[in-house]
Amino acid sequence: MTGQIYVISGPSGAGKSTIIRSLRDKTSDLVYSISHTSRGPRGKEEAGVHYHFVDRTTFRAMIEDGAFLEWARVYDDYYGTAYSSIEDQLDSGNDVIMDLDPQGAKNIKKAHPASILIFILPPSYEALEKRLRERATEEERAIQSRLRKAHRQLMECVHYDYLIVNDILDKASSEAAAVITANRCAKARRLSEIEKIFKLQ
Ligand code: ADP
Ligand code: 5GP
């Protein structure tokens, strides 16, 4: 059986990366899809771990070559999921978790309708601003731009399967883990294995 795709979205500063990190620590057989981006590394980000960092020319050439399952322009930079980043993992039955903007999430759902879309919300606009400022990974101009886009991005939550409010981190991470656990128990994912074990066919 091929792996399940989980897409995480939410405004910048909502806690997507933090929750994904916690999920990967807690959950077996869950692989992070490393996107390509034309933006530069920030803070302690490492090439090939957080993103594949490429220049704009390379990114555009990859679009021309049809290398991306989905791509989008977000905050003035290019971001995309290359087929090569996820295909082997899905084919080997591993579940893949992606951090995508809402356009990317829609495109993934179109290409893989069984994908599960999870939206992470901050507890308030004030908390979002505080987190972005305390993270201190962007300059003031970029923080302002991300805050201005937060309202429109939050409106996208209606298109998602699960909504998680990241107030207390442990609670939000557990809720995200529960979505994955419940999905792994779903009949659609479990039945063929059970039929084999108990010779039900
Ligand atoms: P995103 O990936 O959505 O942009 P991050 O995971 O980088 O957001 O989180 C933004 C900042 O908020 C980080 O400094 C992170 O440590 C902090 N943070 C995340 N979740 C919480 C939480 N529940 N309470 C307080 N701070 C949080
Ligand atoms: P950041 O610069 O904060 O790492 O990411 C900015 C935005 O780009 C986030 O909303 C994140 O979800 C989105 N993003 C990251 N990788 C991809 C990708 O491969 N495709 C799409 N569509 N969005 C992405």
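Reply: Happy to! Strand 1 (residues 5-9) and strand 8 pair in the parallel sense over 4 bridges, and keep in mind that this is a predicted model.

Me: What makes strand 1 and strand 8 a pair?

Reply: Two strands pair if there are at least two bridges between them. Strand 1 and strand 8 have 4 bridges, so they count as a pair. One of the links joins Ile 8 to its bridge partner Ile 118 in strand 8.

Me: Why is strand 8 called largely enclosed?

Reply: Buried means under 20% relative accessible area. In strand 8 (residues 116-121), 6 of the 6 residues are buried, so the strand is largely enclosed by the rest of the structure. Both faces are covered, with Ile 116, Ile 118 and Ile 120 on one side and Leu 117, Phe 119 and Leu 121 on the other.

Me: How do you know which residues line the largest pocket?

Reply: A lining residue has an atom within 4 Å of a pocket point. The largest pocket holds about 1100 Å³ of space. It is lined by 39 residues, and Ser 17, Arg 42, Glu 45, Asp 99 and Arg 135 are the closest to its centre. Helix 1 gives the most to this lining, with 6 residues.

Me: What classes make up the lining of the largest pocket?

Reply: The lining has 13 nonpolar, 13 polar and 13 charged residues.

Conventions:
Residues are numbered from 1 along each chain as its sequence is written. Chains are lettered from A and ligands numbered from 1 in the order in which they are written. This is a predicted model: local features need pLDDT of at least 70, side-chain atom pairs count only at pLDDT 80 or more; totals for chains, interfaces and linings use all residues. Side-chain values use heavy atoms; hydrogens and water are left out. Buried means under 20% relative accessible area, exposed over 50%, partly exposed in between (1.4 Å probe, protein chains only). Helices (H or I, at least four residues) and strands (E, at least two) are DSSP runs, numbered from the N terminus. On a 1 Å grid over the protein atoms alone, a cavity is a set of points where a 1.4 Å probe fits but cannot get out, and a pocket is an open set with protein on both sides within 12 Å along at least five of seven lines; lining residues have an atom within 4 Å of a point. Grid points are joined across faces, edges and corners, and a volume is the space filled by probe spheres set on the points. Ala, Val, Leu, Ile, Met, Phe, Trp, Tyr, Cys and Pro count as nonpolar, Asp, Glu, Lys and Arg as charged, and the others, Gly among them, as polar.
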